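This report describes the fold, the ligand surroundings and selected residues of one protein chain. The sequence and the structure are shown first, and the description follows.

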Amino acid sequence: MTYKVLVLGDYGTGKTTLFNQFLNAAPGAEKKPSIKLELIEFTRVIEGKEYVISLYDIPGKELASDKRSKLYNNCLGALVLFDISRPDTFRHALFWIEELINYSGTGKVPIVLVGNKTDIRESSQRTLNPIDAKEFIFRLNRTSLKDGVDNHFFEVSAKSTKLLLSVIDQLLKSMIKHEETRKK
Ligand SMILES: Nc1nc2c(ncn2[C@@H]2O[C@H](COP(=O)(O)OP(=O)(O)OP(=O)(O)O)[C@@H](O)[C@H]2O)c(=O)[nH]1
Ligand SMILES: [Mg+2]
């Protein structure tokens, strides 16, 4: 089974950087030819079973287009990025989550909220307190767990591969669980 995963978030939050970092983080990851969106595919093994992740990066200008709803088609999960040094990008995460729910055609799907750019925490004047993001996910899960959807939060630096496999495996486990509840 192949899982389509989108990388979403405001401009400049590090979507493309994180996306490309999966080429280094995930064994066997390859760029594939694709129209409009950039695509990286790789395989992950969960409890002895193989799953293919098709990870898509959306260029900023496509996200701003009024035809963007099509990009979400059949998406089964997403990494929703914000920049920890720009709290407005955290407040806007809900916008991306709502877009995903409205346009995926698959209803509510699991997401990992990713607070990016942890490497600049020390040098930034204002950074988002991770407690706020944890609280956000807690609230989101209160309404979505009944639909078999659980969501997660991670903080990363897209400049490094650290944690990226944990992020994608956590999302994959939630997507597998969600598919199983949808089939029931
Ligand atoms: N310090 C630091 N800089 C980062 C990190 N991730 C991305 N950047 C920088 O942030 C800027 C924007 O990164 P992109 O990956 O282009 O962001 P994007 O979300 O793809 O932007 P759009 O496609 O325009 O929406 C670039 O200068 C990156 O080098 C990070 O983890 N730490
Ligand atoms: Mg980009």
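## Helices against the sheet

Helix α4, formed by residues 93-103, lies across β1, β5 (77-83) and β6, and its direction runs at about 165° to that of β5. Helix α6 (residues 164-183) also packs on the sheet, where it touches β1, β3, β4, β5, β6 and β7. The direction of α6 makes about 75° with that of β3. The model on which this description rests is a predicted one.

## The two faces of helix α4

Which residues of α4 are buried? They are Ala93, Trp96, Ile97 and Leu100. Seen down the axis of α4, these buried residues fall within an arc of 100°, and they therefore line one face of the helix. Their packing partners are β1, β5, β6 and helix α3 (87-91).

The face of α4 turned away from the buried side carries Glu98 and Asn102, both of them exposed. After the helix comes Gly105, which has a positive phi near 80°.

## Architecture of the sheet

The sheet is open and consists of seven strands in the order β2-β3-β4-β1-β5-β6-β7, with mixed pairing. At its edges stand β2 (30-32) and β7 (152-155); each has a single partner strand, so one side of each is left without a neighbour in the sheet. From one strand to the next, the twist averages 30°.

In general, the strands of a sheet pair through backbone hydrogen bonds, in either a parallel or an antiparallel arrangement. Both senses occur here, as the individual pairs below set out.

## Strand pairs

Strand β4 (residues 49-57) takes part in two of the pairings described here. With β1 (residues 2-9), β4 pairs in the parallel sense over six bridges, and within this pair Val7 has Asp57 of β4 as its bridge partner. With β3 (residues 38-46), β4 pairs in the antiparallel sense over nine bridges; here Glu41 is bridged to Ser54 of β4. Strands β3 and β4 form a hairpin with two residues between the strands, and in this hairpin Glu47 takes a positive phi near 45°.

Elsewhere in the sheet, β6 (residues 111-116) and β7 pair in the parallel sense over four bridges. Leu113 has its bridge partner in β7, namely Phe153.

The shell around ligand 1 holds 17 residues, of which Gly14, Lys15, Thr16, Thr17 and Gly60 come nearest. Which element gives the most to this shell? It is helix α1 (residues 15-25), with three residues. By residue class, the shell divides into four nonpolar, nine polar and four charged residues.

Most residues other than glycine have a negative phi. Asn74 is not a glycine, yet its phi is positive, at about 60°. This residue is found in the loop between α2 (60-63) and β5. Asn74 counts as exposed because it has 11 C-beta neighbours inside 10 Å, and a residue with 12 or fewer falls in that class.

Leu163 likewise has a positive phi, of about 75°, although it is not a glycine. Its position is in the loop between β7 and α6. Is Leu163 buried, exposed or partly exposed? With 16 other C-beta atoms within 10 Å, Leu163 is partly exposed, because this class lies between the limit of 12 or fewer for exposed residues and that of 20 or more for buried ones.

Ser34 is found in the loop between β2 and β3. This residue has 13 other C-beta atoms within 10 Å and is therefore partly exposed. Ser34 and Leu100 are 66 residues apart in sequence, and their C-alpha atoms are 20 Å apart in space. Leu100 is one of the buried residues of α4.

Arg91 is found in helix α3, an element against which the buried residues of α4 pack. Because Arg91 has 14 C-beta neighbours inside 10 Å, it counts as partly exposed. Arg91 and Ala133 are separated by 42 residues in sequence and by 9.5 Å in space, C-alpha to C-alpha.

Conventions:
Residues are numbered from 1 along each chain as its sequence is written. Chains are lettered from A and ligands numbered from 1 in the order in which they are written. This is a predicted model: local features need pLDDT of at least 70, side-chain atom pairs count only at pLDDT 80 or more; totals for chains, interfaces and linings use all residues. A residue is near a molecule or strand if its C-beta atom, placed from the backbone, lies within 6 Å of it. Ala, Val, Leu, Ile, Met, Phe, Trp, Tyr, Cys and Pro count as nonpolar, Asp, Glu, Lys and Arg as charged, and the others, Gly among them, as polar. Two strands pair if DSSP finds at least two bridges between them. Axes are lines fitted to C-alpha atoms, for helices over the stretch in contact, and angles run from 0 to 180 degrees between N-to-C directions. Two residues are in contact if their C-beta atoms, placed from the backbone, lie within 7 Å. The arc is that of the directions from the helix axis to the C-beta atoms.
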